[in-house]
Amino acid sequence: MPEEVEVSAPRTRNRWGEGDRLRGEILDAASRLLSELGGEDGLTIRGVARAVGIAPASIYQHFTDRSALVEGLLEYEFARLRAAMEAAEASEDPGDDVGRVRALVRAYCQFAMDNPGHYRLMTANGSTRTSPDARPKGPLLDIVDLVTAGFARCDAAGHPLRVPADRAGVIAFVGAHGRVALFHNSPRRGGAASVLPFVDELVSLVFA
C-alpha cells in the first residue's frame with residue numbers, strides 16, 4: 001500500500017512561484033506508485049504525499065481530493081504516452097510515411113506493456129460519450145486521431161489503404177489494444193517480441 005512507502009530524506013521546500021514544480025513532483029510520485037500498485041485502487045493522498053516528502057495538506061493545494069488527483073494523473077500519463085509516440089514517429093525517416101505510422105503504433109504498445117497499471121487506468125477513463133449517437137471524446141480518442149493522421153499521410157503520399165484513414169486508425173488501435181490486453185492477461189508473457197511483430201503485421205494489412 002502507498003502508506004508503506006518511506007521517504008529517505010525530507011523534501012526541499014519550493015521557492016515562491018514554484019508551485020507548478022511541486023504539482024509535477026506529485027504527479028510523478030503518483031505515477032511511480034501506480035506502477036508499483038498495478039492499479040489505482042490503493043492510490044491515496046497520504047501515500048503520494050509520503051512518496052514526495054510533503055504533508056498531505058500540500059497536495060490539497062493542487063488537487064481538491066483523490067478524484068482530482070486521479071484526473072490529473074490521467075492527463076499526465078496521456079501526455080507521456082503522446083510524447084513517446086511522437087518521439088518514435090520523429091525518429092523515423094521523414095519520407096517513410098509507412099514507417100512513421102508503424103512507429104506510432106509500436107510506441108503505443110510499448111508504453112502499454114511497460115505500464116500495465118497506468119494503461120488500465122487510461123483505457124478505463126480515457127473517453128466519454130455525450131449521447132448514444134455522438135462520437136466519443138477524450139484523450140484516448142486523441143491518441144486514435146494521432147494514428148489516423150498517420151494513415152491519412154500515407155494515403156496522400158501514394159500508399160493506398162483498404163479502408164478510409166479514420167477506419168484504419170480505429171482498426172489499428174483496436175487490434176493493438178486487443179493484443180496488449182492478451183499480453184497483460186497471459187500468465188506466460190512472451191515480452192515485447194510477442195507483441196511488436198503483430199503490430200507490424202497489423203499495420204501492413206491495412207494497406208491495399
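Author: The largest nonpolar core holds 60 residues, and I26, V48, M85, Y108 and F151 have the most contacts inside it. A nonpolar core here is a set of buried Ala, Val, Leu, Ile, Met, Phe, Trp, Tyr and Cys residues joined through side-chain atoms within 4.5 Å, with buried meaning under 20% relative accessible area (1.4 Å probe, protein chains only). Elements giving two or more residues to this core include helix 1 (19-37), helix 2 (45-52), helix 4 (66-90) and helix 9 (196-206); helices are DSSP runs of H or I, at least four residues, numbered from the N terminus. Helix 5 brings the largest share, 11 residues.

Bear in mind that this is a predicted model: local features need pLDDT of at least 70, side-chain atom pairs count only at pLDDT 80 or more, and totals for chains, interfaces and linings use all residues. Residues are numbered from 1 along each chain as its sequence is written, and side-chain values use heavy atoms, with hydrogens and water left out.

Now zoom in on I26. Setting aside neighbours within four places in sequence, I26 is in contact (heavy atoms within 4.5 Å) with V48, V52, I54, I59, H62, F63 and L69.

A cavity is a set of points on a 1 Å grid over the protein atoms alone where a 1.4 Å probe fits but cannot get out, and lining residues have an atom within 4 Å of a point; the volume is the space filled by probe spheres set on the points, which are joined across faces, edges and corners. M85, V105, Y108, I143, V147, A172, F173 and A176 form the lining, and helix 8 (165-185) gives the most, three residues.

Key
On a 1 Å grid over the protein atoms alone, a cavity is a set of points where a 1.4 Å probe fits but cannot get out, and a pocket is an open set with protein on both sides within 12 Å along at least five of seven lines; lining residues have an atom within 4 Å of a point. Buried means under 20% relative accessible area, exposed over 50%, partly exposed in between (1.4 Å probe, protein chains only).
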